[in-house]
Amino acid sequence: MPVTVLLVDDEPLVRAGLRAVLEAQPDIEVVGEAADGAAVIPLVRQLRPDVVAMDVRMPLMDGIEATRAVLRTVEQPPKIVVVTTFENDEYVYEALRAGADGFLLKRARPAEIVHAVRLVAEGESLLFPASVRQLAAQYGDEGGNRAARAAMERAQLTEREAEVLRLMTRGLSNAEIAARLVVGAETVKSHVSGVLAKLGARDRTQAVIAAYESGFVAPG
């Protein structure tokens, strides 16, 4: 089955460019478009896309509020990639904190766009981990905020789960973590699931943000 994608951007040329790049791939299908975040929820419910590629800045409802709205109101929500002009943008970090699974630059090469969609759809690795770390260093609360620290303490991660989370923040995939720890891939998958459940994170991106926000790992 192809990965299905919904494009959300107020610039028609951007949507047309993304559509052309993605639909050139045999395993990706663009199922719809929208010009503003306010139109996302009904389209997500109607089309059930695997991934939403959404502009972070739009006139009526921006990508941050649209991400929050989708995750709050849609059962089994899609993966969300926010699309941005600037990499070191506080809006991007706020979108990640709101629940987005990653971000993509509008000037990205076609191969990078395709890779980003596939990677986010698979959900077993972190998209642009170095950039996420830089954003956390620039816009996160230094030393971790109180609520995030308390949540991390309540999680009571085991020693192995903590080790897995540290490797997740470095962008390692399940297979790479398994090789590093010399364990089976299914064992790593189980540990990742345990980390997500204990942190109340819907995916590894949110777990990594929690690790930075709590001071569990230093983003610098």
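What is the volume of the largest cavity? In this predicted model, the largest cavity has a volume of about 70 Å³, and a search of the whole structure for cavities of 30 Å³ or more finds one.

**The cavity and its lining**

The residues that line the largest cavity are Lys-79, Asp-101, Leu-119, Val-120, Gly-123, Ser-125, Leu-127, Asp-203, Arg-204 and Thr-205. Two helices, helix 5 (110-122) and helix 11 (204-213), each supply at least two residues of this lining. Sorted by class, the lining of the largest cavity holds four charged residues, together with three nonpolar and three polar ones.

The largest pocket has a volume of about 310 Å³, and of the 18 residues that line it, Arg-97, Leu-199, Gly-200, Gln-206 and Ala-210 are the closest to its centre. Helix 4, helix 7 (146-155) and helix 11 are the elements that give two or more residues to the lining of this largest pocket. The residues of that lining divide into ten nonpolar, five polar and three charged.

The second largest pocket contains about 220 Å³ of space, and among the 13 residues that line it, those closest to its centre are Glu-122, Gly-123, Glu-124, Val-192 and Leu-196. Helix 5 and helix 10 each supply at least two residues of the lining of the second largest pocket, and the largest share, four residues, comes from helix 10. In this second lining there are seven charged residues, beside three nonpolar and three polar ones.

**Salt bridges**

Side chains of opposite charge can pair when their charged atoms come close. In this model the count comes to 15 salt bridges, and the table gives three of them.

| Salt bridge | Closest N to O | Places in the chain |
|---|---|---|
| Arg-68 with Glu-65 | 2.6 Å | Both in helix 3 (residues 63-73) |
| Glu-213 with Arg-97 | 3.0 Å | Helix 11 and helix 4 (residues 90-98) |

Arg-68 and Glu-65 lie three residues apart, about one turn of the helix. Arg-68 counts as partly exposed because its relative accessible area is 32%, and Glu-65 is likewise partly exposed, at 41% relative accessibility.

The salt bridge between Glu-213 and Arg-97 has its closest N and O atoms 3.0 Å apart, and this pair links distant parts of the chain, 116 residues apart.

Glu-161 is buried, with a relative accessible area of 9%, while Lys-198, at 34% relative accessibility, counts as partly exposed.

**Nonpolar cores and buried residues**

In soluble globular proteins, nonpolar side chains tend to be buried together. The largest nonpolar core here has 53 residues, of which Val-8, Met-54, Leu-165, Met-168, Ile-177, Leu-199 and Ala-207 touch the most other members. Apart from this core lies another, of 22 residues, among them Val-5, Ala-53, Ala-108 and Leu-127. With neighbours within four places in sequence left aside, Leu-199 is in contact with Met-152, Ala-155, Leu-165, Ala-207 and Ala-210.

Val-132 is found in helix 6 (residues 129-139) and, at 2% relative accessibility, counts as buried. Beyond its neighbours within four places in sequence, Val-132 is in contact with Leu-96, Phe-103, Leu-127, Ile-209 and Tyr-212. Val-132 and Ala-111, in turn, are 21 residues apart in sequence and 20 Å apart in space, C-alpha to C-alpha.

Thr-84 has its place in strand 4 (residues 79-84), and at 1% relative accessibility Thr-84 counts as buried. When residues up to four places away in sequence are not counted, Thr-84 touches Val-56, Asp-89, Val-92, Phe-103, Leu-104, Leu-105 and Lys-106.

Conventions: Residues are numbered from 1 along each chain as its sequence is written. This is a predicted model: local features need pLDDT of at least 70, side-chain atom pairs count only at pLDDT 80 or more; totals for chains, interfaces and linings use all residues. Side-chain values use heavy atoms; hydrogens and water are left out. On a 1 Å grid over the protein atoms alone, a cavity is a set of points where a 1.4 Å probe fits but cannot get out, and a pocket is an open set with protein on both sides within 12 Å along at least five of seven lines; lining residues have an atom within 4 Å of a point. Grid points are joined across faces, edges and corners, and a volume is the space filled by probe spheres set on the points. Ala, Val, Leu, Ile, Met, Phe, Trp, Tyr, Cys and Pro count as nonpolar, Asp, Glu, Lys and Arg as charged, and the others, Gly among them, as polar. A salt bridge is a side-chain nitrogen of Lys or Arg within 4 Å of a carboxyl oxygen of Asp or Glu. Buried means under 20% relative accessible area, exposed over 50%, partly exposed in between (1.4 Å probe, protein chains only). Contact means heavy atoms within 4.5 Å. A nonpolar core is a set of buried Ala, Val, Leu, Ile, Met, Phe, Trp, Tyr and Cys residues joined through side-chain atoms within 4.5 Å.
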